Amino acid sequence: MSEIHLIATAPMGLEAIVAREVRDLGYDQVTVENGRVTFVGDELAIARANLWLRTADRILVKMGQFKAVTFDELFEGTKALPWPDWIPEHAEFPVEGRSHKSQLSSVPACQGIVKKAIVESMKQRYQTEWFRETGARYVIEVALLNDVATLTLDTTGVGLHKRGYRKLVTEAPLKETMAAAMILLSRWQAERPLYDPFCGSGTIPIEAAMIGWNLAPGLRRTFAAEAWPVVPEALWAEAREEAFDLVRDDVPLEITGSDIDSKAIDVALAAAKAAGLAKELSLQVVPVAKAHPRSDYGCIITNPPYGERLGDSSEVEKVLRQLGGVTAHLPTWSTFILSPSKQLERYMGRPADKKRKLFNGRIECNLYQYFAPGGLYGWRKEEKKEPGSAAP
C-alpha cells in the first residue's frame, strides 16, 4: 500500500475532536488547520476514515499544493500531479472550486484551467484526445487561499453526516456530525443515563446509542471511493469486517429523548428503527416543563429550539427557563446545551462551568457545559482505544 496524504474536513470549532478521532484510528501524523485535519494513511485508511469518523464532513485525498498567482502557474502545477494514477480513462471528473484572499479570484476560470490541465495529463497516459466521462465519479476541488492552490479528490460523496438511517427530517434538524461532537465533548459514557428533552427527530439519542455500542457511523451507507479501482473492494470489506467485530451491542443503554412535537417523535422513531436502535431508545411526546428523569445521576445533552424554529423570542425564553427549572431539580446530572442565546446562563439561573464556541450550520452557538459534582463523567484513560471510542 502507498502513503497517501488525506484531509478530514471539519466544521469550525470541531477540528480538535476530528483530530482525536483520527489519532484513535491509529494515524499519528496529524496536522490540525482551520476547517481541516490532515493525516497520512494508505488506501485502507480511506475506507476506515469514511466508516469511522463521526464528526468530520468528508475525507479528501490531497493531490498536491503549490503557489499559484497566475493561470500558467495553476495549469502547470495541476498538470504535474499524478491524476492518471487515480482517475481511470472513462471516469467522470467534475471540478469544483473556491478562492479566498488570492489573486486568482475567478472561481469559474480556475475550475476551467484545472480541468484543462488534468485532461492534458490524462491524454499523455491514455493516448486519447477525448474523455467520455461515463464511469465512476471523481470530484476534484481546487481551493485557493493566500495564493496557494490545494488540489483534492473527494472520496466520500454525500457528506459524512448522512449516516443512512434518516429518511425524513424535521424543520431545522441538528446535523448528525454536530450531535456526535456534543456527545463526545460531554464525556458521556455508555453506562450513564442520557436524556435529550428537545430531541426533535432523535439525532442526539441515536448518535449516543451508536457511540455507546461503538457502531461505526458509516456502516449503513456507501462512499464515492467504493467505485474506484485504486481502493479495491477487498479493502472496504476488511474495514467493514473490523467495524462489525468492534460492535459492543451487549452494553445496556439508558437513553431517552422527548419533544413536545408528536410529528417530530414519529420521525425520530422511524430513524431509530432504520438505525436498528428502536428497542434501545425511549422516545416520548413530553413538553420540557414536564421532563423529569428518574435516575439518580445522568447527562442531559440537548439542542433547544432557536427563534428560527419557534418564530418568537419570548417562546424561546420560556422554554429555556423551563429547561433551567428542570435542571435545578437535577443537581447530580451534568447538562450540555447547544444554543445561540446570549442569555442562556441567565435563564438557567447560573453561569456555565465551561463554554465552547461552535457553529451549527452558519449559526454561531455556544456549548454551555454544566458539570455535576464529583466528576461523574471524567474520561478514564486507556492505553489503547478501539476505533470509534474517541474522546476530546
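Colleague: What makes Q127 count as exposed?

Modeller: The cut-offs are these: exposed is over 50% relative accessible area, buried is under 20%, and partly exposed lies in between, using a 1.4 Å probe and protein chains only. Q127 has 67% relative accessibility, so it counts as exposed.

Colleague: And what am I looking at here?

Modeller: It's a predicted model, so local features need pLDDT of at least 70 and side-chain atom pairs count only at pLDDT 80 or more, while totals for chains, interfaces and linings use all residues. Residues are numbered from 1 along each chain as its sequence is written, and side-chain values use heavy atoms, with hydrogens and water left out.

Colleague: Where does Q127 sit, and what is its phi?

Modeller: Q127 belongs to the loop between α5 (107–126) and β6. Those labels are DSSP runs numbered from the N terminus: helices are H or I with at least four residues, strands are E with at least two. The phi of Q127 is positive, about 55°, although Q127 is not a glycine. For background, most residues other than glycine have a negative phi.

Colleague: What about N214: buried or exposed?

Modeller: Buried, because its relative accessible area is 0%. N214 also has a positive phi, near 55°, without being a glycine, and its place is the loop between α7 and α8 (233–245).

Colleague: How do you know that α6 is mostly covered?

Modeller: Count its residues: 11 of 11 are buried. Among them are M178, I183 and L185. These buried residues pack against α1 (15–24), α7 (203–212), β11 (298–302), β12 (333–339), β13 and β14 (363–370).

Colleague: Why is E176 called buried?

Modeller: E176, found in helix α6, has 6% relative accessibility, so it counts as buried. Leaving aside neighbours within four places in sequence, E176 is in contact (heavy atoms within 4.5 Å) with H161, R163, Y165, R166, T203 and E207.

Colleague: What makes a space a pocket rather than a cavity?

Modeller: On a 1 Å grid over the protein atoms alone, a cavity is a set of points where a 1.4 Å probe fits but cannot get out, whereas a pocket is an open set with protein on both sides within 12 Å along at least five of seven lines. Lining residues have an atom within 4 Å of a point. The largest pocket holds about 1000 Å³ of space and is lined by 37 residues, with T9, N34, G35, R36 and R98 nearest its centre.

Colleague: Which element gives the most to that lining?

Modeller: β6 does, with 6 residues. Others that supply at least two each include β4 (58–67), β5 (95–100) and α6 (176–186).

Colleague: How much of the protein chain counts as buried, and how many helices and strands does it have?

Modeller: Of its 392 residues, 53% count as buried. Its secondary structure comes to 12 helices and 14 strands. Of the contacts with a separation of 6 or more, 78% join residues 24 or more positions apart.

Methods:
Grid points are joined across faces, edges and corners, and a volume is the space filled by probe spheres set on the points.
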